[in-house]
Amino acid sequence: MSKEELKQYLEVTYPDLEVKETVNFPLLLVNKEDVIPVLTKLKDASETRFNFLFCETAVDRNPNFEVIYHLTSTYYHHDLEVKVILEDRENPVIDSVYGLWEAADLYEDEIYDMFGIRFKGHPNLRRIMLTDEWNGFPLRKDYQDDKIISL
Amino acid sequence: MENQPTTPSPTELRTEEFVVNIGPQHPATHGVLRIEATLDGETVKDILPHLGYIHRGIEKMTESMPYKQSIYLTSRMDYLSAHINNHACSLAIENALGIEVSARAKAIRIIMDELQRLTSHELWWGSCAMDIGAVTPFFLGFRDRERILEIFEANTGNRLTMNYIIPGGVMRDVLPSFVTDVKELLKKIKGYRHEYDQLITGNFIFQHRTQGVGYLSKEQAISLACSGPVARASGVSCDVRKHYPYDGYEKLDFNEVIDYGCDNWARYLVHMEEMNQSIHIIEQLLDNFPTGEYRTKIKGIIKLPEGEYYQRVETARGELGVYIVADGSNKPYRMKFRTPSFSNLGAVKPTTVGLKIADLMANMSTIDLVVPDIDR
């Protein structure tokens, strides 16, 4: 499906979800609780078959967090961006998609390391880049470190 | 609990599992990567990679740098695909601002990209053979790579981190002798290709070490989001140059190399054939090399309109994605690099578990990891 067709399909199939678009992809806004059911349906439905999670990342929109899934299909080669907004800054938690795509193992480790977002159901959530004793989460906008020197 | 027999029968004899740390300073990891391998005798039971030894926080640094400066950081991610990384970043900015690049700049960019892919695959060929136990190919790979680096040095001023491709075109025009130089080079490389096949491809020991070893099924490659030669050797069609063409790849004639063998041997063959395809692409561009401007003038300070931008290109290792969240200022709000090696790293465990430890080295070399690309 082309970008416009996919957008129309999503509007019809998910009437209670907000469908937008970015410059490159259609964008589906999903509630935190519905991540697994919606993504499972997107992966399995014969019209979409989003079986390839090529990018999973997060953005700190102080005070909210956005978790972003970029999906593509090896059958149809169409793309989709799925966005989840987490409002709890103190203790951000979201369901892990490791059960759907094994690639989420490393992606979610990295998001946890950099943003402190915890993934429920992840088999081995750990600080993958930094040491376990590291204070704070570097890609948060309010991250403070005495060692940062601006040139 | 039932009573245990005092002496187990030979079939029940179990050896104790132990953990071996491979790396971070190990020649076979090609960089500072630590692999925690759980072994039972020589058989690998589990693999856990530990990253971060060369983590420089590139994504954090980009948030405090103007867009133009962030491009130079990308050369340091996958240093064997520096041109292609710069290309990805430049394309993202050009598409966001709607800048049209001249035909000459596009041709130069693609020639440089494909030469870069050749250097990377030649280095890979040498080091892959060395990991499996052959030393001579390493020197031959470097010998041929050196010829291409000489072209880079003459035209861009640098050998490894070129920073040559910038938004709007390329940094400076190529030398007047560029076309003849590259033609000469391709002739030399094609003359060398039979040595590669005589030494390694047709080598009985090499074939035995790779055929049927390191099996990665198509479903698993998709689930792990593998890309590049690793995925294409498992039968996944994922060449960005074919599916999302950029800068004129759609006008060129080349094949997406796909193999259905799913093992180390298939990954080897895909790499080798990709080198032929790269040579073929460059030859088409050299025959009618466009004249004109090498750079479109753009504003000194780049400010991207508010929004999200995603640009992907095919590096030597797979799909590189640049995800930019812009807030309208001259610095990105967030910049994420979806690097191919980071996703491909996940393929090390499923290919290796159940094999001997020596096969871990063979698998890691055909998966072709570049550690700064993983850690960023």
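This is a predicted model: local features need pLDDT of at least 70, side-chain atom pairs count only at pLDDT 80 or more; totals for chains, interfaces and linings use all residues.

Reader: How much space lies in the largest pocket?

Author: The largest pocket holds about 750 Å³ of space. It is lined by 27 residues, and those closest to its centre are A:Ile148, B:Arg56, B:Gly57, B:Lys60 and B:Met61.

Reader: Which elements give two or more residues to that lining?

Author: They are α3 (104–115) of chain A and α1 (58–62) of chain B. The largest share, 4 residues, comes from α1(B).

Reader: What is the volume of the second largest pocket?

Author: Its volume is about 420 Å³. Among the 24 residues lining the second largest pocket, A:Tyr98, A:Asp105, B:Ile47, B:Gly346 and B:Lys349 are the closest to its centre. The lining divides into 14 nonpolar, 4 polar and 6 charged residues.

Reader: Turning to cavities, how many of 30 Å³ or more are there?

Author: The structure has 3 cavities of 30 Å³ or more. The largest cavity contains about 120 Å³ of space, and of its 13 lining residues the closest to the centre are A:Thr72, A:His77, B:Cys238, B:Tyr244 and B:Glu319. Its lining comprises 4 nonpolar, 6 polar and 3 charged residues.

Reader: And which element gives the most to the lining of the second largest cavity?

Author: That is α3(A), with 5 residues. The second largest cavity has a volume of about 60 Å³. The residues lining it include A:Tyr107, A:Glu110, B:Glu59 and B:Arg334. By type, the lining of the second largest cavity has 6 nonpolar, 1 polar and 5 charged residues.

Terms used: Residues are numbered from 1 along each chain as its sequence is written. Chains are lettered from A and ligands numbered from 1 in the order in which they are written. Side-chain values use heavy atoms; hydrogens and water are left out. On a 1 Å grid over the protein atoms alone, a cavity is a set of points where a 1.4 Å probe fits but cannot get out, and a pocket is an open set with protein on both sides within 12 Å along at least five of seven lines; lining residues have an atom within 4 Å of a point. Grid points are joined across faces, edges and corners, and a volume is the space filled by probe spheres set on the points. Ala, Val, Leu, Ile, Met, Phe, Trp, Tyr, Cys and Pro count as nonpolar, Asp, Glu, Lys and Arg as charged, and the others, Gly among them, as polar.
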